[in-house]
Amino acid sequence: MNGFVYLTDVVTLELDAAKCNGCRMCVVVCPHNVFGIEAKKAVILHRDFCMECGACAKNCSEGAITVKSGVGCAAGIINGLLRGTEPTCDCGEGSNCC
Amino acid sequence: MTQVGAIPYVATRWDFYDRWGAVKVRWSLGRFKYRVTPGIYAVGNPGRDSLVFVTGNYKLSFDHLRRALKGIDGWILVIETKGINVWCAAGKGTFGTKEVVRRIRIHHLDQLVDHRKIILPQLSAPGVAAHDVKKMTGFTVIYGPVLAEDIRAFLNAGLKATDDMRKITFPFVERLKLIPVDLFYGKYYLLIVPIVFLILSGFNRSGYSLDLVFDNAGKTTVNLFSGYLAGCVLTPAILPWIPFRRFSAKGLVTGWLVAILLLFAGTLGLTLIENISWFLMIGGLSSFMAMNFTGSSTFTSLSGVQKEMKTALPLQIVMAALGIIGWIISRFL
Ligand code: SF4
Ligand code: SF4
């Protein structure tokens, strides 16, 4: 959503254009229109819109994208801190957080 | 009967129980099982060329899908996501390549239909690698729209989602719907904290007075709940209009706005130190609750929230602690 930008310059998204084959998959799966295609290569258009969901990296068959993905959720991070693990939203069975 | 055996048929209209169920889930009423048995379901009168829609076994996801498919003949393949919604399940990997591949195999999708296409909700993309599914099963993954209600438009456009259909938006109504999830975040603390405050409010210079407890009961409860609600109801509702990008800062703003109202309403304190203490406590509480809404929002990144929390959490704790100490001291002044 264009109206919402969270903090700027924190996102871990990286694109290695040399590996890109221009398949457009990253454009299709990104829920925040971060990517575009220029001259048959992917480009990052709106870096600060990225919410680090990891969909682009997961679906890039060429491994051209890296991003440290995880839940952008304070409760999850606190959970992780308390248990000494990575951030984890406690969406156990029957609960419906996120 | 089909080649792969009997397949249950599902309705595309919601009945009363579906609606009531949706309300119960949003408000976390009861801890009953709210899931669909994984497997293949028929919608309308599907055949060997009909499209296959994949979803998780969280009943709300399934219900939204079957309602959106009204008037369409198709198959629904429900995979096991442990009753968790698509987005969360994909983030955790439960809605992932492995489970999709496994379900395609155990339900013999290749014998049910002649084509080799499956339609997945776009929000499952963080968990599913389309190229790997293709490699392992021969089925091509097509990501559908974010919202089930756009499915018809997606089908009419020849299985193409427009830019708008692919974007997660976060409109007012959606934010309001997510509030109940946060509202019960504190659960038991919602009761315990006010009670502790009540017990403490009896102390004064001359010992302990039950009259004081009764005098203060209404005020402390109103103040505490106001701070809580400022953070987890008011802040999400008016999110875009509050200055600052950090949720904790937004929560502080609304918390203090509410505190100013309470000051005029006369529920805060009698002394300056008590008033300041309430501002600290309400501000800290509201800020903390607002920060928790990052989990429900659809545009916050992990790196961003981590960065925000690094400064916000200590500040919130210090504010609340100073507030509580100040408030206790004010009992004895
Ligand atoms: S998914 Fe990968 S290969 Fe395809 S366009 Fe994007 S970066 Fe390039
Ligand atoms: S991580 Fe998610 S939000 Fe960020 S660019 Fe990739 S698909 Fe888009």
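In helix α6 (residues 130-137) of chain B, K135(B) and D132(B) stand 3 residues apart, a spacing of about one helical turn, where helices (H or I, at least four residues) and strands (E, at least two) are DSSP runs numbered from the N terminus. The side chains of K135(B) and D132(B) meet in a salt bridge with an N to O distance of 3.5 Å, a salt bridge being a side-chain nitrogen of Lys or Arg within 4 Å of a carboxyl oxygen of Asp or Glu. K135(B) is exposed, with a relative accessible area of 67%, whereas D132(B), at 24%, counts as partly exposed; here buried means under 20% relative accessible area, exposed over 50%, and partly exposed in between (1.4 Å probe, protein chains only). Elsewhere, salt bridges that share partners join K59(B), D63(B) and R66(B) into one network.

The model is predicted, and local features therefore need pLDDT of at least 70 and side-chain atom pairs count only at pLDDT 80 or more, while totals for chains, interfaces and linings use all residues. Residues are numbered from 1 along each chain as its sequence is written, chains are lettered from A and ligands numbered from 1 in the order in which they are written, and side-chain values use heavy atoms, with hydrogens and water left out.

Over all chains, the structure holds 9 salt bridges. In one of them, the side chains of E99(B) and R103(B) meet at 2.8 Å, N to O, and both residues lie in helix α4 (residues 97-106) of chain B, 4 residues apart, about one turn of the helix. Both partners count as buried, E99(B) at 10% relative accessibility and R103(B) with a relative accessible area of 9%. In chain A, R47(A) forms a salt bridge with E14(A), and the closest N and O atoms are 3.9 Å apart. This pair links distant parts of the chain, 33 residues apart, with R47(A) in the loop between β3 (41-44) and α2 and E14(A) in strand β1 (residues 14-15). Both residues are partly exposed, R47(A) with a relative accessible area of 28% and E14(A) with one of 44%.

The secondary structure of chain A comes to 3 helices and 4 strands, and from the N terminus on its elements run β-α-β-β-α-β-α. Of the 98 residues in chain A, 45% are buried. Among the contacts in chain A with a separation of 6 or more, 43% are accounted for by residues 24 or more positions apart, contact meaning heavy atoms within 4.5 Å.

The area buried between chain A and chain B is about 4400 Å², of which carbon and sulfur atoms give 62%; this is the accessible area (1.4 Å probe) that two parts lose on being put together, summed over both. Across this interface the rule finds 0 salt bridges, although 8 residue pairs are in polar contact, both at pLDDT 80 or more. A polar contact is a pair of N or O atoms within 3.5 Å; within protein, one must be able to donate a hydrogen and the other to accept it, and residues adjacent in sequence count only if both atoms are side-chain atoms. On the side of chain A that touches chain B, the elements that give two or more residues are α1 (25-29), α2 (55-59) and α3 (74-83), and the residues of this side divide into 29 nonpolar, 14 polar and 4 charged. In these classes, Ala, Val, Leu, Ile, Met, Phe, Trp, Tyr, Cys and Pro count as nonpolar, Asp, Glu, Lys and Arg as charged, and the others, Gly among them, as polar. The contact takes 47 residues from chain A and 53 residues from chain B.

Two ligand shells were examined, a residue being near a molecule if one of its heavy atoms lies within 4 Å of it. The residues around ligand 1 include C20(A), C23(A), C26(A) and C60(A), and by class this shell has 8 nonpolar, 2 polar and 2 charged residues. Around ligand 2, the residues include C30(A), C50(A), C53(A), G54(A) and C56(A), and the shell divides into 10 nonpolar, 1 polar and 1 charged. G54(A) is placed in the loop between β3 and α2 of chain A and is buried, with a relative accessible area of 11%. Leaving aside its neighbours within four places in sequence, G54(A) is in contact with V67(A), S69(A) and P126(B).
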